[in-house]
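Dear colleague,

Please find the structure below, together with its sequence. A summary of the findings follows.

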Amino acid sequence: HPFPIIYVIQIGNLQTFPDILKQILESPKVIKVGRSIISADVKKLVKWKCNIPRNTCVKIEKLAKQVLGLPGNLSLKAYCEKILLRTLEKDGLQRKSNWKTPLSQIQIAYAARDAWASILIYNKLMAIKSEKEKDPHYVYQDTMEDNFTDYSPSLTSDEISPPLLSNVDESPSPPIDPGDI
């Protein structure tokens, strides 16, 4: 199957925190990737007494600054445009909707797209970083046009577009086997 399995787990309303999820999050073998991951996501897990190793959390904005010199204050959508050369559909109504009630299918798709986009960006940045380490004179050249509306395909609310995946050289890590943690 060419697409990864992405689990969207709404933890805000849980009475108890699943042990397997805590083991995955606390594992030093599992890299956690996202935009503002420490300030936005990891801090929310404090109430569940998750001891997530900070060195396993990769802030997209920090990596993008280190590898490409991009500003650290860009949105995930902007990082997609600049690094993946693709648009990421971001519906402002969904972003501002109530995420504390049971999630709608649209909210689940929104969260899954953000997670998948973060993985793709991380993989692309790590590939560029690797090339730079091999060749100090390596220069990343994107072919981004000034007109973002020409981008096709995009990550939409209906699905993650397969051509986007075929344009990315790096594939995400295989699914996590709890026995490996």
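Arg-35 is partly exposed, with a relative accessible area of 24%; buried here means under 20% relative accessible area, exposed over 50%, and partly exposed in between, with a 1.4 Å probe and protein chains only. This is a predicted model, in which local features need pLDDT of at least 70 and side-chain atom pairs count only at pLDDT 80 or more, while totals for chains, interfaces and linings use all residues. Residues are numbered from 1 along each chain as its sequence is written, and side-chain values use heavy atoms, with hydrogens and water left out.

Salt bridges

The structure contains four salt bridges, each defined as a side-chain nitrogen of Lys or Arg within 4 Å of a carboxyl oxygen of Asp or Glu. One of them joins the side chains of Arg-35 and Glu-61, at 3.4 Å from N to O. This pair links distant parts of the chain, 26 residues apart: Arg-35 is in the loop between strand 1 and helix 2, and Glu-61 is in helix 3 (residues 60-68). Helices (H or I, at least four residues) and strands (E, at least two) are DSSP runs, numbered from the N terminus. Glu-61 counts as buried, at 9% relative accessibility.

Another salt bridge connects Lys-22 with Glu-26, where the closest N and O atoms are 3.9 Å apart. These two residues are separated by about one helical turn, because they are four residues apart in helix 1. Lys-22 counts as partly exposed at 25% relative accessibility, and Glu-26 is likewise partly exposed at 25%.

In helix 6 (residues 105-134), Lys-134 and Glu-131 are three residues apart and therefore separated by about one helical turn. Their side chains meet in a salt bridge at 3.4 Å, N to O. Lys-134 is exposed, with 61% relative accessibility, whereas Glu-131 is partly exposed, with 32%.

Thr-56 sits in the loop between helix 2 (37-41) and strand 2 (57-59). Is Thr-56 buried or exposed? Thr-56 is buried, as its relative accessible area is 5%. The side chain of Thr-56 reaches the backbone oxygen of Pro-53 at 2.6 Å. Leaving aside neighbours within four places in sequence, Thr-56 is in contact (heavy atoms within 4.5 Å) with Ser-27, Pro-28, Val-30, Ile-31 and Lys-32.

Backbone angles

Most residues other than glycine have a negative phi. Ser-36, in the loop between strand 1 (32-34) and helix 2, has a positive phi near 55 degrees. Lys-49 also has a positive phi near 55 degrees. Lys-49 is found in the loop between helix 2 and strand 2 and is exposed, with a relative accessible area of 65%.

Surface patch

Ile-5, Tyr-7 and Ile-9 form a nonpolar patch on the surface, with about 390 Å² of accessible area together. Patches are made of residues with over 30% relative accessible area and no salt bridge, like charges being joined within 9 Å and nonpolar side chains (Val, Leu, Ile, Met, Phe, Trp, Tyr) within 5 Å. Accessible areas come from the Shrake-Rupley method with a 1.4 Å probe; for residues, only the protein chains shown count as cover. Ile-5 lies in the segment before helix 1 (19-26) and counts as exposed, at 62% relative accessibility.

Yours sincerely

Conventions: Polar contact = N/O pair within 3.5 Å; in protein donor to acceptor, adjacent residues only side chain to side chain.
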